[in-house]
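Please find below some short notes on this model.

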Amino acid sequence: MHSAKAPFGYKKLLANKKTYLFQFPKLILSILFVLTCGAGLFFLYDKKGPPSARSIADAALPKINQEISRQTSPFLLLLGDSNGEGLGKASFDCGVPIVNAAISGLKARDVKDQLARLDLRKPPAAALIVVGTNDLLWKHDPSGARDAWLKTIQSMVSDLRRHGAKVVVSAVAPIGSDLGRIFDIESVKLYSDGLSQMCAGAMCTFIDPWVDARSENFSQAKTDALPDGIHIGDYRYSIGKIERVFCARLQE
């Protein structure tokens, strides 16, 4: 009696079924791995995104304090935003070392918070505050926030003076006319005038190192003076003006 033969291809199908069953867990693990990585990347992008100016300032703080602690002679402390950061890359002919605590993207309130965390047991002989551009973004309501902004600067000046520093405050740098949809450009003069009035007494020295970059409209930059509309193309001229003021103040 002959046994019935298996249908054509049954053994091959059975072998393939075993293969599929063996590979199925691997397939599931691969899918889970891809989904997990994708979720992780989404989480990083969605939750973190690019680092904020404040987080960059937080990360830079230990290094700045370490640099301050290494100073063995009178030094200049530079506080502020990206324009201050650009100025701090130079050295002054009067031989005073610079500790550059300026961070791109900071607003006045951020600079005040950073100053409060600096270790000034070795106080600076002089300090330069360069801030204002980021505060003039339309979203910050510059015209309505001017008085509070000036009080923030005044608080910083008072704090530095308590540490014995001679304080110089910079006018707000001009802004390119094509950025009018992003910045309240006309408030450049409004804010700078407030700083000038604040320093009219003996509280601080007001300086405008950006004269060469300004157009006939004080608030607006000359064409091509600011390649990106907010940063000075060449800081050497501005540094020369600041240098003369600081060297004179340090000799007083």
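1. C199 has a relative accessibility of 7% and therefore counts as buried, the cut-off being under 20%. C204 has 5% and is likewise classed as buried. Both values come from a predicted model.

2. The sulfur atoms of C199 and C204 lie 1.9 Å apart, and the two residues form a disulfide. The cut-off for this assignment is 2.5 Å between cysteine sulfur atoms. By that rule, the count is one disulfide.

3. Which hand does the disulfide of C199 and C204 have? The torsion about its S-S bond is about -95°, so the disulfide is left-handed.

4. A separate point concerns two helices. Helix α4 covers residues 108-116 and helix α5 covers residues 142-162; the two pack with their axes 9 Å apart, at an angle of about 20°. Because of this angle, α4 is roughly parallel to α5, given that angles under 35 degrees fall in that class. The crossing of α4 and α5 is left-handed.

5. On the α4 side, the contact is made by A108, R109, V111, K112 and L115. On the α5 side, W149, T152, I153, S155, M156, D159 and L160 take part.

6. What is the make-up of the contact of α4 with α5 in nonpolar, polar and charged residues? Seven of the contact residues are nonpolar, two are polar and three are charged.

Definitions and conventions. Residues are numbered from 1 along each chain as its sequence is written. This is a predicted model: local features need pLDDT of at least 70, side-chain atom pairs count only at pLDDT 80 or more; totals for chains, interfaces and linings use all residues. Side-chain values use heavy atoms; hydrogens and water are left out. Axes are lines fitted to C-alpha atoms, for helices over the stretch in contact, and angles run from 0 to 180 degrees between N-to-C directions. Helices (H or I, at least four residues) and strands (E, at least two) are DSSP runs, numbered from the N terminus. Angles under 35 degrees count as roughly parallel, over 145 as roughly antiparallel, 65 to 115 as roughly perpendicular and the rest as oblique. A crossing is left-handed if the near helix is turned anticlockwise from the far one by less than a right angle, and right-handed if clockwise. Contact means heavy atoms within 4.5 Å. Ala, Val, Leu, Ile, Met, Phe, Trp, Tyr, Cys and Pro count as nonpolar, Asp, Glu, Lys and Arg as charged, and the others, Gly among them, as polar. Buried means under 20% relative accessible area, exposed over 50%, partly exposed in between (1.4 Å probe, protein chains only).
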